Amino acid sequence: SSDLAAASSAPPAHRVVATYFHNTTRCATCRNIEQLARETMETAFATEMATGQLVWRARNMEQKENEHYAIDYGLTSPSLVLAEMDGDREVRFKVLEETWTLIHRKLQFEPYVENETRAFLEGD
């Protein structure tokens, strides 16, 4: 029935949204963090991304409609933010502060992003 199709296409009420917030002018390191974080998520959480339990997005925090995020999350530089959502309500969030210090150490960067994301998905 059409009700079933509508239900299956709707995002899960409980999900984690991973957003990489960047500025209009971007340096190579900023781009690398976004790319490696996205690749880590796509590899480690392919199933969760396919079902909508995990959503990846990138937003320019200098655009007017996104400026409030920088204030809401206390962002002073481009940052990866995890937000646990219950429907349209944000339950909690975490700024992954270590991405800038770990970007040149891929063997530490990937597990850091994966472990932090997994903890959010599991509600820890």
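E110 and K106 sit 4 residues apart in helix α6, so about one helical turn separates them. Their side chains meet in a salt bridge, at 3.9 Å from N to O. E110 is partly exposed, with a relative accessible area of 27%. K106 also counts as partly exposed, at 47% relative accessibility. The model is a predicted one.

E116 pairs with K94, and their closest N and O atoms are 2.7 Å apart. E116 belongs to helix α6 and K94 to strand β4, so this pair ties together parts that lie 22 residues apart in sequence. E116 counts as buried, at 18% relative accessibility. K94 counts as partly exposed, at 34%.

Now the sheet itself. Strands of a sheet pair through backbone hydrogen bonds, in either the parallel or the antiparallel sense. Here 4 strands form an open sheet, in the order β2-β1-β3-β4, with mixed pairing. β2 (54–60) and β4 stand at the edges with a single partner strand each, so one side of each has no neighbour in the sheet. From one strand to the next, the twist averages 25°.

Take the β1 and β3 pair. Strand β1 covers residues 14–22 and pairs with β3 in the antiparallel sense, over 8 bridges. Within this pairing, R15 has M85 in β3 as its bridge partner.

On to β3 and β4. Strand β3 (residues 79–86) and strand β4 (residues 89–95) pair in the antiparallel sense over 6 bridges. Their hairpin has 2 residues between the strands, and G87 takes a positive phi near 65° there. Further along, E84 stands opposite R92 in β4.

Side chains of opposite charge can pair when their charged atoms come close. R92 forms a salt bridge with E84, and the closest N and O atoms are 2.4 Å apart. E84 is buried, with a relative accessible area of 9%. R92 counts as partly exposed, at 25% relative accessibility.

A search of the whole structure finds 7 salt bridges. Among them are E110 with K106, E116 with K94 and R92 with E84.

Definitions and conventions: Residues are numbered from 1 along each chain as its sequence is written. This is a predicted model: local features need pLDDT of at least 70, side-chain atom pairs count only at pLDDT 80 or more; totals for chains, interfaces and linings use all residues. Side-chain values use heavy atoms; hydrogens and water are left out. Two strands pair if DSSP finds at least two bridges between them. Axes are lines fitted to C-alpha atoms, for helices over the stretch in contact, and angles run from 0 to 180 degrees between N-to-C directions. A salt bridge is a side-chain nitrogen of Lys or Arg within 4 Å of a carboxyl oxygen of Asp or Glu. Buried means under 20% relative accessible area, exposed over 50%, partly exposed in between (1.4 Å probe, protein chains only).
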